[in-house]
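User: I have a chain to look over and would like to talk through its packing. Could you put it up?
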Amino acid sequence: MLDGFFDQGASLRGLRQAGARLLPVLQNGEREAELVMLWHLCSALDELDYGVTALDGSAHETQQSSGLLECLRDGQWPAPANSTRWSVMPAALGLHALTEQAEAPADAQDSLGHAFVDSDALVTYASASSLIRLLAGSDARLLLMVQPEARSVLNTYQTVKYLHAAGLRATVATLVDERDAASTARARQAHDSLRACVRQHLSQDIETLLIRYPSSLLWPTEDICSLALRLMETAVQLGAGALPRTGPAPLSASQALKHTERQAVAAMHSSHA
């Protein structure tokens, strides 16, 4: 569990720098848990008074739903749909174009830094291959969700191995309801198995976290707020750049997530229909 929720004020003061920090969240087949965590991380960072933008690499930009690609191509930010404090935009095509055209990951990071100069946290949800192209050579910790089932643990190990080959490391997390002792015990056992496998085959240790999450709550728990701050500490600092905004704030679609986790679950089910 995450214990000792440290002083938020001190952490905020220490992490306030010019430019956004990029927090990578892996899209790795645990869609329900990943989208729930994505929503809560953004909400937690918002509660901690960070300006947050989420890039959803699982969603493609369209004429009806513009996003990162248009922002990078035209230098214009889509008009906001409402005045919510944090925003999420489709980013699959934009991330692909960004990493394909950049000569080095640092160049892609600079482009994001210029585009999101007024954001504090850029939560980026994308596949391992996309994030590797974006983050290779950095010290970022990629957040990777795992479930207690054996198939999920094996899939997680394969992803950790893939990241290891690229010189990147992951923080593995599992959402647990403390009221469900059996599920929590299975999650601990899954983490033990994963750590042992990584130690044996990759000769490294991996950070695993049980995140206390009563499913009846629709706001960030103390554990999730603490995780958000830990991820900010290991995030990639993007250059602030000298370019001012050339348009309105990015498209705010956080209501699509803030209709509660039910929408994230519904999206997962529809994708498999």
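User: What should I know before reading the values?
Analyst: This is a predicted model, in which local features need pLDDT of at least 70, side-chain atom pairs count only at pLDDT 80 or more, and totals for chains, interfaces and linings use all residues. Residues are numbered from 1 along each chain as its sequence is written, and side-chain values use heavy atoms, with hydrogens and water left out.

User: How many helices and strands does the protein have?
Analyst: There are eleven helices and eight strands. These are DSSP runs numbered from the N terminus, helices being H or I of at least four residues and strands E of at least two.

User: And how much counts as buried?
Analyst: Of the 273 residues, 50% count as buried, meaning under 20% relative accessible area with a 1.4 Å probe and protein chains only.

User: Which residues touch the most other members of the largest nonpolar core?
Analyst: They are L55, L68, L112, F116, L134 and L135, in a core of 39 residues. Such a core is a set of buried Ala, Val, Leu, Ile, Met, Phe, Trp, Tyr and Cys residues joined through side-chain atoms within 4.5 Å. Helix 6 gives the most to this core, with five residues. A second, separate core has 36 residues, among them L38, W39, Y213 and I224.

User: What does L55 touch?
Analyst: Leaving aside residues up to four places away in sequence, L55 touches L68, M89, A91, L112, F116, L122, V123, T124 and Y125. Contact means heavy atoms within 4.5 Å.

User: Switching to helices: at what angle do helix 5 and helix 6 pack?
Analyst: Helix 5 (residues 105-115) packs against helix 6 at about 95 degrees, with the axes 6 Å apart. Axes are lines fitted to C-alpha atoms over the stretch in contact, and angles run from 0 to 180 degrees between N-to-C directions. The two helices are therefore roughly perpendicular, a term for 65 to 115 degrees, while angles under 35 degrees count as roughly parallel.

User: Which residues make that contact?
Analyst: P105, A108, Q109 and L112 of helix 5 meet R133, L134 and L135 of helix 6.

User: How do helix 6 and helix 7 cross?
Analyst: The axes of helix 6 (residues 128-135) and helix 7 (residues 150-165) come within 11 Å and cross at roughly 20 degrees, which means that helix 6 is roughly parallel to helix 7. Their contact involves A128, S129 and I132 of helix 6 with T159, Y162 and L163 of helix 7.

Terms used: Angles under 35 degrees count as roughly parallel, over 145 as roughly antiparallel, 65 to 115 as roughly perpendicular and the rest as oblique.
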